[in-house]
Amino acid sequence: MTEERTSVLFLGDSITEQGSWDAWLPDERTVNQGIGGDTTEGVLARLDAVVAEQPEVIVLLIGTNDFGNHRKSVEHVVRGVESVLVTLRRELPGVRLLLVSILPRQAEYTAKIEEANRHLRQFVATCHAQYLDAWPALADGDHLDDRYTEDGLHLTEDGYRAYVAELVPALERVRELPPMSRSIQAIDLDGATA
């Protein structure tokens, strides 16, 4: 059974979709389930396909389109990402989950992205997930570094290089931890404090 499992499944939007994960992670078996323009709701709606893959590790990067294309609130994005993580943990109790911070983009989105990332960083432990803060490697102050983008949102080859340099050690860390052995129960998000 283990031979049939996918090592690393990448889940997210166009930033994930445009990644050459096989080339950048030659020692891994990867599946790319990134879809350009996707949102937290879109990812939630397609989790059955993720579960069907039975991956060992899931790298989740989602949320920027909720802000950019759909003008959603920070609370909406945070709840959406939390729902994805909780569902994945329930359906795949042994999977190793790595949540990547919402990446920097144009400066007008910085306050919302930083607030969402603060909440998500605090939340990940409740569903036995790891958090990768990619912001320091990719930002130039309050926006995505111009060296790493041509449109203020998507990553260039250099941008992906900087991202993968952060991702590789994060994947090593997430694998060092024992997988969760049982599914988690429903979480009372109303009682949680930030």
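User: How many bridges join β3 to β4, and do these strands run parallel or antiparallel?

Analyst: In this predicted model, β3 and β4 are joined by four bridges and run parallel.

User: Which strands does β1 pair with, and over how many bridges?

Analyst: β1 pairs in the parallel sense with β2 over five bridges, and it pairs in the parallel sense with β3, again over five bridges. On the β2 side, Leu9 stands opposite Val31, while on the β3 side the bridge partner of Gly12 is Leu61.

User: Which residues of β1 point one way and which the other, and are they buried or exposed?

Analyst: In a strand one looks at which way each residue points: Val8, Phe10 and Gly12 point one way from β1, Leu9 and Leu11 point the other way, and all of them are buried. β1 is thus described as mostly covered, with five of its five residues buried.

User: How should I read the burial pattern along a helix, and which residues of α6 are buried?

Analyst: The general idea is that an α-helix has 3.6 residues a turn, so residues three or four places apart point the same way. In α6 the buried residues are Val74, Val77, Val78, Gly80, Val81, Glu82, Val84, Leu85, Val86, Thr87, Leu88 and Arg89. For α9, which has 20 residues and reaches 29 Å from its first C-alpha to its last, close to the 28 Å expected, the buried residues include Tyr160, Tyr163, Leu167, Ala170 and Val174.

User: Which residues touch the most other members of the largest nonpolar core?

Analyst: The largest nonpolar core has 35 residues, of which Leu11, Ile58, Leu60, Leu85 and Leu88 touch the most other members. The elements giving two or more residues to this core are β1, α4, β3, α6, β4, α7 and β5, and the largest share, eight residues, comes from α6. Leu60 shows how such a residue is surrounded, for it touches Leu11, Val43, Val81, Val84, Leu85, Leu98, Leu99 and Val100, leaving aside residues up to four places away in sequence. There is also a second, separate core of 25 residues, which includes Trp21, Leu61, Leu155 and Ala170.

User: Where does Glu28 lie, and with which side chain does its own side chain make a polar contact?

Analyst: Glu28 lies in the loop between α2 and β2, and its side chain makes a polar contact with the side chain of Arg175 at 2.8 Å. With a relative accessibility of 19%, Glu28 counts as buried, because the cut-off for that word is under 20%. Apart from residues up to four places away in sequence, Glu28 touches Ser7, Val8 and Arg175.

User: What is the phi of Gln54, and what is the phi of His128?

Analyst: For background, most residues other than glycine have a negative phi. Gln54 has a positive phi of about 50° although it is not a glycine, and His128 has a positive phi of about 55°, again without being a glycine. Gln54 lies in the loop between α4 and β3 and is partly exposed, with a relative accessible area of 29%. His128 is found in the loop between α7 and β5, and with a relative accessible area of 37% it is partly exposed.

Conventions:
Residues are numbered from 1 along each chain as its sequence is written. This is a predicted model: local features need pLDDT of at least 70, side-chain atom pairs count only at pLDDT 80 or more; totals for chains, interfaces and linings use all residues. Side-chain values use heavy atoms; hydrogens and water are left out. A nonpolar core is a set of buried Ala, Val, Leu, Ile, Met, Phe, Trp, Tyr and Cys residues joined through side-chain atoms within 4.5 Å. Buried means under 20% relative accessible area, exposed over 50%, partly exposed in between (1.4 Å probe, protein chains only). Contact means heavy atoms within 4.5 Å. A polar contact is a pair of N or O atoms within 3.5 Å; within protein, one must be able to donate a hydrogen and the other to accept it, and residues adjacent in sequence count only if both atoms are side-chain atoms. Two strands pair if DSSP finds at least two bridges between them. The expected span of a helix is 1.5 Å times one less than its number of residues.
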